[in-house]
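Colleague: I should like to learn how to read the features of a model of this kind. Could we take them in turn?

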Amino acid sequence: MTVGFIILCHTALHRTAQIARHWAEHGTPVVIHVDHRVSDADYGKLTAAVADLDTVSFCKRFKCDWGTWSLVAASQAGAEQMLARHPEVRHVYLASGACLPLRPVQELIDYLDARPNTDFIESVTTTDVGWTMGGVDMERFTLRFPFSWKSQRKAFDRYVALQRRLGFKRTIPEGLDPHLGSQWWCLTRRTLSAILQDPKRKLYERYFKKVWIPDEAYFQTLVRRYSGALESRSLTLSKFDFQGKPHIFYDDHLELLRRSDCFVARKVWPKADQLYTTFLAPNRMAASQAEPNPSKVDRLFAQAVERRTKGRAGLYMQSRYPLRGRENGKTSAPYSIFQGFTELFEDFDDWLARQVGARVHGHLFGPERAEFAGSETVFNGCLSDSATLRDYDPQSFLASLIWNSRGERQCFMFGPRDTQSLNAFTAADPNAQISVVTGAWAVPLFRSNLTFAEIRNEAARLQQIEFDQVEILKSVLAKARIRVWSMSEFLEHPMENLQAIVDEIAPRNARRLSEAPHIVDLTGFGGFLQALKNQGMQLRLAGHFPTEADQRPNAPARPRPYVVVK
């Protein structure tokens, strides 16, 4: 006894001829169904290519559409011809023109000989199926689907909606328990004959012709009535992505296909010459009795689906950008933001780079340009220092900068004069370390040559911007590592505060700071702040700085400054 193959094909007919010849030359009969839409010229080439093979024949042709009854009709025609012409066949194997044998034919024959009465077909109830797509599960059996989902989508959707609105429900024929499963099966002659010769076949056909995707339900349901020994699995390796589309195997999947131990794989790219050459080699001998086990490669397919839907952390991709909440991490690596430090310390950028060994940029979101480290105009990944390009999408600019330089810690300066649209993004980013010295924006004003009226207006503007920023950093939605000091508090213990920051950036190189950045000259700064107060401005973020009056004996104690620490 042997196995017979039915091949359903519509494209890449030269591969169909190659597969049919491989099976036929190893003693197994083949029946080919060619889609009626295939031109007569191409059909003639296929028949001529296998004309010398007595065990290869062609059955009645149908115009086949995805998800319609035509695919079941083609399978029935092939099965009837196989059973009628080849009495030596005990199992019938349904395959497609995109299928490729992975193991020698003799191994499949031996495997089926050891299981002469077993039907191999995936057959599960609708409640247990996790791969149905399109929002139709049990309804595919209780509604009518006369329209093609692919070519008549509007009519399909409107007719389904109408039936739901009217509460229409079809009656399932008595004795049928609807099941679903893969289209590709291997059934015994006994079971297949019972399905095709059932006295109620016409009744069942009328019912399944209006079921959605009947090629995944007709045989899968009826086999439950007649099979004496059913294994609910397919011997064909066929994987689908999260959208219900089949995975396509290419030459670089060679080892993966070998590892599966499956007898046949679908769907193979027609130009995968290495796969066809390797698996159809004429000198391949039956050697393995391994059980087909597609679960061996399930982990890789799961990873592929995760990569497709979730992507890599901090790398934005078409399938989830710019959908809010779909990002897999806002950025790809830790980075640090410093606000107020370059105003307080001379050469802070260079000092920080020496201490932590990181790439330290200037004000990446400054009003005039992105101040890349080393005064570069173009950074990794061809990021331009143009403020116009950067501000078109600041979030993507930062995410790209971190991604393009992953493996190297990035630090940059920030302040109320910079682009503020990124505050909520960085505050909610677990990769961000944000250190803020509030009120330090006043130091450049103190050292400027502006008129006091100009200073007063600019100070009010910058303070309000920083106040709004601090409110965002205090939000319960903030996930960054955030430290906020008032300027006066930070200057009480500058080395301790700097040590804490450096230790967090480079914990493996933790050591006491041997040098400190030089603090700018703040002589008279307290009087400058008092002058702003005298002009009616309420200073809320800088903290208290002594004036000449505070230096007098018995001066009253000042309250502790306003501090936010998260």
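**Reading backbone, confidence and packing**

Modeller: Let us begin with the backbone. Cys-382 lies in the loop between strand 16 and strand 17. This is a predicted model, and in it Cys-382 has a positive phi of about 60 degrees although it is not a glycine.

Colleague: Is Cys-382 buried or exposed?

Modeller: Cys-382 counts as exposed because its relative accessibility is 69%, and exposed means over 50%.

Colleague: Which other residue has a positive phi although it is not a glycine?

Modeller: As a general idea, most residues other than glycine have a negative phi, and most peptide bonds are trans. Ser-375 also has a positive phi, about 60 degrees, without being a glycine. Ser-375 is placed in the loop between strand 15 (359-363) and strand 16, and at 60% relative accessibility it counts as exposed.

Colleague: Where is a cis peptide bond found?

Modeller: The cis bond joins Arg-266 and Lys-267, with omega about 25 degrees. Lys-267 belongs to the loop between strand 12 (264-266) and helix 11 (273-279).

Colleague: How should confidence be read?

Modeller: Where pLDDT is low, the predicted coordinates should not be read in detail. Here the mean pLDDT of the protein chain is 87, and 92% of its residues reach 70 or more.

Colleague: How is the packing of two helices described?

Modeller: Two packed helices are described by the angle between their axes and the distance between the axes. For helix 14 (residues 348-356) and helix 21 (residues 494-505), the axes come within 10 Å and cross at roughly 50 degrees. Helix 14 is therefore oblique to helix 21, and the crossing is right-handed. Helix 14 contributes Phe-348, Trp-351, Gln-355 and Val-356 to the contact, while helix 21 contributes Leu-498, Val-502 and Ile-505. By class, this contact of helix 14 with helix 21 holds 6 nonpolar residues, 1 polar and no charged ones.

Colleague: At roughly what angle do helix 3 and helix 8 cross?

Modeller: The axes of helix 3 (residues 69-85) and helix 8 (residues 201-208) cross at roughly 150 degrees and come within 10 Å. Helix 3 is therefore roughly antiparallel to helix 8. Trp-69, Gln-76 and Glu-80 of helix 3 meet Arg-201, Glu-205 and Phe-208 of helix 8. The residues of this contact of helix 3 with helix 8 divide into 2 nonpolar, 1 polar and 3 charged.

Colleague: Which residues of helix 16 are buried?

Modeller: In helix 16 (residues 394-404), the buried residues are Pro-394, Phe-397, Leu-398, Ala-399, Leu-401, Ile-402 and Trp-403. They pack against several elements, including strand 13 (335-339), helix 15 (387-392), strand 18 (410-414) and helix 17 (423-427).

Colleague: What covers the buried residues of helix 4?

Modeller: Helix 4 (residues 105-113) has Val-105, Glu-107, Leu-108, Ile-109, Tyr-111 and Leu-112 buried. The cover of these buried residues includes strand 1 (2-9), helix 1 (13-24) and strand 4 (89-96).

Colleague: May we close with a single residue? Is His-179 buried or exposed?

Modeller: His-179, in strand 8 (residues 179-180), is buried, with a relative accessible area of 6%. The C-alpha atoms of His-179 and Thr-125 are separated by 4.6 Å, although the two residues are 54 residues apart along the chain. Beyond residues up to four places away in sequence, His-179 touches several residues, among them Phe-141, Glu-216 and Arg-224.

Notes
Residues numbered from 1 in each chain as written. Predicted model: local features only at pLDDT ≥ 70, side-chain atom pairs only at ≥ 80, totals over all residues. Heavy atoms only, no water. Axes fitted to C-alpha atoms, helices over the stretch in contact; angles between N-to-C directions. Helix = DSSP H or I, 4+ residues; strand = E, 2+ residues; numbered from the N terminus. Parallel < 35°, antiparallel > 145°, perpendicular 65-115°, else oblique. Left-handed = near helix turned anticlockwise from the far one by under 90°. Contact = heavy atoms within 4.5 Å. Nonpolar A, V, L, I, M, F, W, Y, C, P; charged D, E, K, R; others polar. pLDDT = per-residue confidence, 0-100. Buried < 20%, exposed > 50% of the residue type's maximum accessible area, 1.4 Å probe, protein only.
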